[in-house]
Amino acid sequence: MATTSQSLQAGVAVTDITPPVGYRMCGYFNERLSTGVLNPLHAKALVLRQGDTRAALVFCDIIGISADVSQRARQQAQRETGIPPENILLAGTHSHTGPLYFDALRDYFHEKAVAQQGKDPYEVRDYPSELVAGIVKAVTQADARLRPVQAEAGVAQQQGLSFNRRFHMTDGTVRFNPGLLNPDIVRPAGPIDPGVGVVFFREANGRDTFASLVNFALHLDTTGGTLYAADYPYFIEQNLRGKFGKDFTLLFGTGTCGDINHFDVMTKDIRKPAVIGATLAGTIAAARAKAIAKPSLAVRRAVVEVPRQKFTAAEIAQAKKDMDKIATAEMSFLDQVRTYKIVDIQSRRGATIPLEVQVFRLSDEVAVVGLPGEVFVEHGLAIKKASPFPVTLVIELCQDDVAYVPTKKAFAEGSYETVNSRVAPGGGEMMTETAIRLLKELGT
Ligand SMILES: [Zn+2]
């Protein structure tokens, strides 16, 4: 094939970002210490280049990327490679079996340990800096491996694995995760997104597939326990290696799954991550993908300032006092979440929250969108529907973890995700409109 400067080049590299055993784990509201490693956590970088345009997408097996880590890693990656920070997407896969390394809950546990013991015995190393180093190394190595590639993209359909977790109940309320076979369930309060967006990267010979970028909307909370694990994407990769070889890399960009998980409330069986991974791998391997014949790499980015939720001085003082009641029976679960949220939101300055939206165009048929936060599936579906690109991947938890980004409808209905959110109602719709605007700018 022609290897002109205008052909698409790609490079992939993987680094280990597993924290030390004994570090605090994320995902729930109690203090939980890791006791070992089920499978290692990775930072996986895909660097793309066409002509003078360069971009990097990095997927980390952690709950989310803190704004601080995002800023430091992107600046250092630019120093090492020259890729502009605005062309670098950093995503957390949202594994609930990784480290708790930022937010109000981490600060609370950390400060309590320091107050009681003079130091924090669970943070023996500076994990955020190790994470930054792991991301930068992955980008640098992937950049060094750039070579002409062939790419193919498509969207497969996956039914029966993902479920909307908010339900209308017989008492007129909307509840999240009401329990399997709960007789008071009337119907789901929202849709799912069965689309599995796939981009295969093959060597210039057109045969050897060395990586796939995959996008699917299903919460990565299928493992639990105290062993570090990358959750179900680990099993997707293991299964796909059976087809593509042991050096194959899965780049998993989590879809908009703020209100989506793996519980089928109509049954009493909970699917295991190995089954979810094997099923998705089968769907991905069978996906009908079309060659990207005319690549046209380009990146657009915008920062949307959305209003944040406001609390009175009295509410903030009370919440700070109530942090002691988290993970105890002294307070209801939703009140604990609200307490943590009010304290967490104080770490952000100003009346707005900056939401960074990125769009990467691969060709006039394929685009990738990066959004911050745990985004409701309705936002992702709206973006895909309005996108001029037949293959549009929408990846959440990029650049900053701003907690849940519900819809206006969900804010009116209430329940867990709206309590555990920082943006004011309407913020998600503003972000969605911006993503659609950028897609249309690049699509014409
Ligand atoms: Zn979550």
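This note describes helix packing and sheet arrangement in a predicted model.

1. Basis. In this predicted model, local features need pLDDT of at least 70 and side-chain atom pairs count only at pLDDT 80 or more, while totals for chains, interfaces and linings use all residues. Residues are numbered from 1 along each chain as its sequence is written.

2. Helices α1 and α3. Helix α1 (residues 67-81) packs against helix α3 (residues 127-144) at an angle of about 35°, and their axes are 9 Å apart. Helices (H or I, at least four residues) and strands (E, at least two) are DSSP runs, numbered from the N terminus; axes are lines fitted to C-alpha atoms, for helices over the stretch in contact, and angles run from 0 to 180 degrees between N-to-C directions. The crossing is right-handed, a term for the near helix being turned clockwise from the far one by less than a right angle, anticlockwise being left-handed. Among the α1 residues in the contact are V69, A73 and A77, and the α3 residues include L131, I135 and V139; contact requires C-beta atoms, placed from the backbone, to lie within 7 Å. The contact residues comprise nine nonpolar, three polar and four charged (Ala, Val, Leu, Ile, Met, Phe, Trp, Tyr, Cys and Pro count as nonpolar, Asp, Glu, Lys and Arg as charged, and the others, Gly among them, as polar).

3. Helices α6 and α7. Helix α6 (residues 313-322) and helix α7 (residues 333-345) pack at about 115°, with axes 9 Å apart, in a left-handed crossing. From α6, E315, I316, A319, K320 and D322 meet T339, I342 and V343 of α7. Four of these residues are nonpolar, one is polar and three are charged.

4. The three-stranded sheet. An open, antiparallel sheet has the strand order β9-β8-β10; strands pair if DSSP finds at least two bridges between them. Because β9 (174-176) and β10 (185-188) each have a single partner strand, one side of each is left without a neighbour in the sheet. Three bridges join β8 (residues 166-169) to β9, with R166 standing opposite F176.

5. The four-stranded sheet. A second open sheet, with mixed pairing, runs in the order β17-β18-β19-β21. Its edges are β17 (298-307) and β21 (391-395), and neighbouring strands are turned by 15° against each other on average, direction ignored. Strands β18 (residues 352-363) and β19 (residues 366-370) are antiparallel over five bridges, and F360 has V368 as its bridge partner. Helix α8 (residues 377-386) packs on this sheet, touching β19 and β21. Helix α11 (residues 427-443) lies across β17, β18, β19 and β21, at about 160° to β17.

How values were computed. Contact = placed C-beta atoms within 7 Å.
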